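Please look over the chain shown here. The report below takes up selected places in turn.

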Amino acid sequence: MKISKDFLWGASTSAYQFEGAWNEDGKEPSVQDIRTVPEGTTDFKVASDHYHHLIEDMNLFSELGLSAYRFSISWSRIMPNGKVSDRGVKFYTELIDGLLERGIEPIVTVFHFDLPLSLSKIGGWSNRKTIDEFSKYCKLLFDLFGKKVKYWQTINEQNILTLASKVIDGGNKTWKEVFQANHHMLVAQAIVMGIYHRGDYGGLIGPAPNICAIYPRTSSAQDQLAADYMSSFRNWLYLDAAVYGRYNQMAMDILKKLDAVPDITDEDRNIMKNNTCDYIAFNYYGSGCAKESTNNSNNKGSDQQQGLSIPGFFESTENNKLEETEFGWPIDAEGLRVTAHQIYSRYELPLLITENGLGCKDTLINGKVHDQYRIDYLQKHIQALRESINDGIPFIGYCPWSAVDLISTHEGFRKRYGFVYVNRSDSDLGDMRRIKKDSFYWYKKVIESNGEDLEY
Ligand code: BG6
C-alpha cells in the first residue's frame, strides 16, 4: 500500500531544548532553567538559540520539505507567573504563521518537561492548583491558535516524567506521591481535552507518551508475565487513561502493592471517563525487554529506554538480539511495527509518531557531517512504518527527533539527533551556525518521494 498523499512528513523539537532565551522578553524560568550545569560544560539554557534564529530555522524546515513541524510551547514564556505575555504570544504567533506561510502544518505539544518555576514552588503536579493553571494555559492556547493548529498534544511523555520523578532522578518521593501527581496530570489532560472539544476548534487532541513494545527475555511464562506487567506500568496505564478514561488493571495491581494508589475523587472519575482523546501521538526510540523480577531488581542507570524495574513484578533487562546506540539505547526498527500493532489493536485510533531518531556524537569535518549511521537508523524505521501502514494501521504522520540539533535531556549537547548541525559544543557556545548534515539531503528526498525512495 502506498503512503497517502496527505501523510505528514515532519520533524520535532521541544521548547526548552531548542529555544534558548530562557530569561528574555519577560520569560519566567522553568524547572529546566534552574538545573545545575554539569561541571566543565557551558550554560545549557542557551540550547540552540532558536529564539534568535526563528526565520533561518523555518527556512531550513521549508528547504527540507517538511509538511509538518512538531514543537512545544513554553508555558513560562507565554504565561509567566500566570499572566499572559504579549512578547511570548508574539513569538509563537510568528512561528505558527511562519510555518503556515511555508505550507508546514504546525503540530503543538503544550507541555514538554518544562513546568514554570512558580508552579514547581507550590508543589508542581502534586498540587491540584496546577490542574487549574494548566487548564487556563491551554484555554489561552486554544483561543489564540485553535483555528490555525489542527494537531494538539497535551503532555509529552507523561509516563517518563512520572517514572523519572521516582526512578531516574533517584528522587525521595514515595510511589504514592509520584502517582498522585501523575493522577493530577491525567485529570488535567482530560479537562483540557474537554475544553478543546467543547470549544469546537476543529482539530484533534491527544496524549504523547513514549510507548515501546516490551519483549519477554525468554519464552517462560514468568518472563511473559513480567513483560506484561512492565508494559502495563510503562505504556498502558497512560494510554488507557487517555483513550478509555480509566486505569489499567495490571498497572493498578502494581500500584496497590506499592501502596501507591492515588486518591481519586468521583469527580475525577467522571472527568476522565467523559473526556478522552481523538488520536494517539507517541515517541518511539527502541523496544524494551523484561524478565522475572528477582529480589535485588533495582533501577540503577535508568532513563527513557533502560533500567526500569519493580521488585516482585518485572526487571528490565538487555535484549541481546539487538544492537545499541553509542549511548546504550537498543535499536529495534521492527519493534516500531510491533509497537504500532499493539497500540492500534488496543485503541483503534489514528497514530502519529512524534519522536524517533538516533542520538550520537556527530563530527563536523571540512564543513560537512556525514551521518550515514543516522540515515541507516531512520531508513529502517521508515521501512517499518511503511509495513505498518501496509498492515492497515492508519498513521497521520512521522516526526523524527530532531529537526535541528538541540540539547539532550541528560547528555548535554554531545548527543545530537538533528538533520541540521548546530555549531556549538558542551564547552563552547560557538557561533550557532546551522550546517545541513547528509541526513538532511536524504530526508528531503524521502519526503519528495512520499516515502517511496529510502535509498541514499
Ligand atoms: C524523549 C524526549 O524522551 O527523548 C525528548 O521527549 C528527548 O525531550 C528525547 O530529547 C531523546 O532523549 P535524550 O535523553 O537523548 O535527549
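A47 is buried, with a relative accessible area of 0%. Buried means under 20% relative accessible area, exposed over 50%, and partly exposed in between (1.4 Å probe, protein chains only). The model is predicted: local features need pLDDT of at least 70, side-chain atom pairs count only at pLDDT 80 or more, and totals for chains, interfaces and linings use all residues. Residues are numbered from 1 along each chain as its sequence is written, and side-chain values use heavy atoms, with hydrogens and water left out.

A47 sits in the loop between α1 (15-18) and α2 (54-64). Helices (H or I, at least four residues) and strands (E, at least two) are DSSP runs, numbered from the N terminus. The phi of A47 is positive, near 45 degrees, and A47 is not a glycine. D49 is found in the loop between α1 and α2. Its phi is also positive, about 55 degrees, although D49 is not a glycine. D49 counts as buried, at 14% relative accessibility. Why point these out? Most residues other than glycine have a negative phi.

Strand β2 covers residues 68-72, and five of the five are buried, so the strand is largely enclosed by the rest of the structure.

What is the relative accessible area of R70? It is 0%, so R70 is buried. R70 belongs to strand β2. Its side chain makes a polar contact with the side chain of Q153, at 3.2 Å. A polar contact is a pair of N or O atoms within 3.5 Å; within protein, one must be able to donate a hydrogen and the other to accept it, and residues adjacent in sequence count only if both atoms are side-chain atoms.

β2 runs parallel to strand β3 (residues 105-111), and five bridges join the two. Two strands pair if DSSP finds at least two bridges between them. Within β3, P106 is the bridge partner of Y69.

## A four-stranded open sheet

Four strands form an open sheet in the order β1-β14-β13-β7, with parallel pairing. The edge strands are β1 (8-9) and β7 (280-283), each of which pairs on one side only. Two bridges join β1 to β14 (residues 395-398). There, L8 has G397 as its bridge partner.

Helix α12 (residues 333-347) lies across β7, β13 (351-355) and β14. It runs at about 155 degrees to β7. Axes are lines fitted to C-alpha atoms, for helices over the stretch in contact, and angles run from 0 to 180 degrees between N-to-C directions.

Where does α9 bend? The bend is at W236, by about 50 degrees. It is the angle between axes fitted to the seven residues ending there and the seven starting there. Helix α9 (residues 221-244) spans only 28 Å between its end C-alpha atoms, whereas a straight helix of 24 residues would span 34 Å at 1.5 Å a residue. The expected span is 1.5 Å times one less than the number of residues. α9 is mostly covered, with 18 of its 24 residues buried. Just after α9 comes G245, with a positive phi of about 75 degrees.

N248 caps the N-terminal end of α10, with a side-chain oxygen 3.0 Å from the backbone nitrogen of M250. In α10 (residues 249-257), A251, M252, D253, I254 and L255 are buried. The buried residues of α10 pack against α8 (175-198), α9, β9 (309-310) and β10 (314-316). Contact means heavy atoms within 4.5 Å. D259 follows α10 and has a positive phi, near 55 degrees.

## The loop between β14 and β15

S402 lies in the loop between β14 and β15 (420-422). The peptide bond from W401 to S402 is cis, with omega near 5 degrees. Most peptide bonds are trans.

G412 is in the loop between β14 and β15. At 21% relative accessibility, G412 counts as partly exposed. Leaving aside neighbours within four places in sequence, G412 is in contact with I407 and D426. The C-alpha atoms of G412 and S427 are separated by 9.8 Å, and the two residues are 15 residues apart along the chain.
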